[in-house]
Amino acid sequence: MTEHIRVTVEDRVMRIAFNRPEKKNAITNAMYVAMGEALTRAESDPQIRAVLFEAEGDAFTAGNDLADFAAVAAGKMARSEMKAHVFLEALARGQKPYVAAVQGFAVGVGVTMLMHCDLVYIADDAKLTTPFVNLALVPEAASSWLIPARIGHARAFAMFALGEPVDGRTAASIGIANASLPVSEVRAKAWAAAQALASRPLGAVQATKKLMRDAAAISAVMSREGEIFGQRLQTAEAAEAFRAFAERRAPDFSKVSG
Ligand code: COA
């Protein structure tokens, strides 16, 4: 249990809210587990017909808690203690429809999880970044396949390798989101969409979602990425990237390699 993820059920919709605004909703191991468990519950509960991801505060999420990454890089936490996979695997295998309401910064997994959402509403001025290479890491959540498939290789590579941001309006125009809206309207729009989905015949919604996703391929890509991601976390490059974040300076990769 963690107060940093708030799970509520209302009108047949499970709302999963990031609730750690003081840290820009950076995701800890406990938060991944809480979200993974909530999604598993949503799958098995016939009363729940849609899941809505949303966030308190001015950011959707700053992605994985970098202190956890740094602990693995420094050998203070075993890779096996990392729990992102609990959430990502539940997200990828889920058959209930997922909706997301995104405002402010969405970083790393905050973007890659959107590739597993079925409807996404985003603030005009939201900022999506996947700075995996800047952190000496690689993409996860099958995003090395799903993001280029959605927006093309060139744009995806600029996001992954240069950390190039995509704003909310652009995200809507290139198919990452259904619509971009003024920030004050995003959550209400996403809630209305989740309720609309909940009113549809669930069997048909789930069968449609299943037809639209190659679950076996997604799972294969995720495990290939996971292996390389885990190796990269333990490199000198990654250690420098996490030290630099903690020290609030730009990383210097000129003296490290591998
Ligand atoms: N992990 C841990 N803590 C984080 C975090 C993260 N991913 N992102 C933000 N925080 C913390 C900051 O350390 C700061 O904590 P403090 O107040 O105790 O110093 C607090 O959240 C606010 O963040 P701050 O950087 O001051 O906010 P900002 O508005 O200037 O910038 C971001 C917001 C998201 C652009 C910036 O925090 C950032 O780049 N975070 C790292 C994102 C990242 O690389 N994630 C991993 C992707 S794989």
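Buried residues are those with under 20% relative accessible area, exposed residues those over 50%, and partly exposed residues those in between, with a 1.4 Å probe and protein chains only. The structure is a predicted model, in which local features need pLDDT of at least 70 and side-chain atom pairs count only at pLDDT 80 or more, while totals for chains, interfaces and linings use all residues. Residues are numbered from 1 along each chain as its sequence is written, and side-chain values use heavy atoms, with hydrogens and water left out.

Helices (H or I, at least four residues) and strands (E, at least two) are DSSP runs numbered from the N terminus, and two strands are taken to pair if DSSP finds at least two bridges between them. Strand E2 (residues 13-18) has six of its six residues buried, so this strand is largely enclosed by the rest of the structure. Val13, Arg15 and Ala17 point one way from E2, whereas Met14, Ile16 and Phe18 point the other way. Strand E1 (residues 5-10) runs antiparallel to E2 and is joined to it by six bridges; within this pairing, Val7 stands opposite Ile16. The two strands form a hairpin with two residues between them, and Asp11 in the turn has a positive phi of about 50 degrees. E2 also pairs with strand E3 (residues 50-55), in the parallel sense and over six bridges. Here Ile16 stands opposite Phe53.

A further open sheet has three strands in the order E5-E7-E8, with mixed pairing. Its edge strands are E5 (105-107) and E8, each of which pairs on one side only. E7 and E8 run antiparallel and are joined by two bridges, with Asp167 in E8 as the bridge partner of Lys127. In the loop between E7 and H5 lies Ala136, a residue that is not a glycine and yet has a positive phi of about 65 degrees. Most residues other than glycine have a negative phi. Ala136 counts as buried, because its relative accessibility is 5%.

Helix H6 (residues 153-162) contributes Ala156, Ala158, Met159, Phe160 and Ala161 as its buried residues. With contact defined as heavy atoms within 4.5 Å, the cover over these residues includes helix H4 (109-112), strand E7 (127-129), helix H5 (143-151) and strand E8 (166-167). Gly163 follows H6 and has a positive phi, near 70 degrees.

The ligand is surrounded by 15 residues, of which the closest are Lys23, Ala62, Asn64, Leu66 and Arg248; a residue is near a molecule if one of its heavy atoms lies within 4 Å of it. The shell comprises eight nonpolar, two polar and five charged residues. In this division, Ala, Val, Leu, Ile, Met, Phe, Trp, Tyr, Cys and Pro count as nonpolar, Asp, Glu, Lys and Arg as charged, and the others, Gly among them, as polar. A polar backbone atom of Ala62 is 2.8 Å from a nitrogen atom of the ligand, and a polar backbone atom of Leu66 is 2.8 Å from a ligand nitrogen atom. For Asn64, a backbone N or O atom lies 3.0 Å from a nitrogen atom of the ligand. The protein covers 68% of the 870 Å² of accessible area that the ligand has on its own, as given by the Shrake-Rupley method with a 1.4 Å probe. Arg248 is placed in the segment after helix H11 (236-246) and has a positive phi near 55 degrees. This arginine, Arg248, counts as exposed because its relative accessibility is 81%.

Terms used
A polar contact is a pair of N or O atoms within 3.5 Å; within protein, one must be able to donate a hydrogen and the other to accept it, and residues adjacent in sequence count only if both atoms are side-chain atoms.
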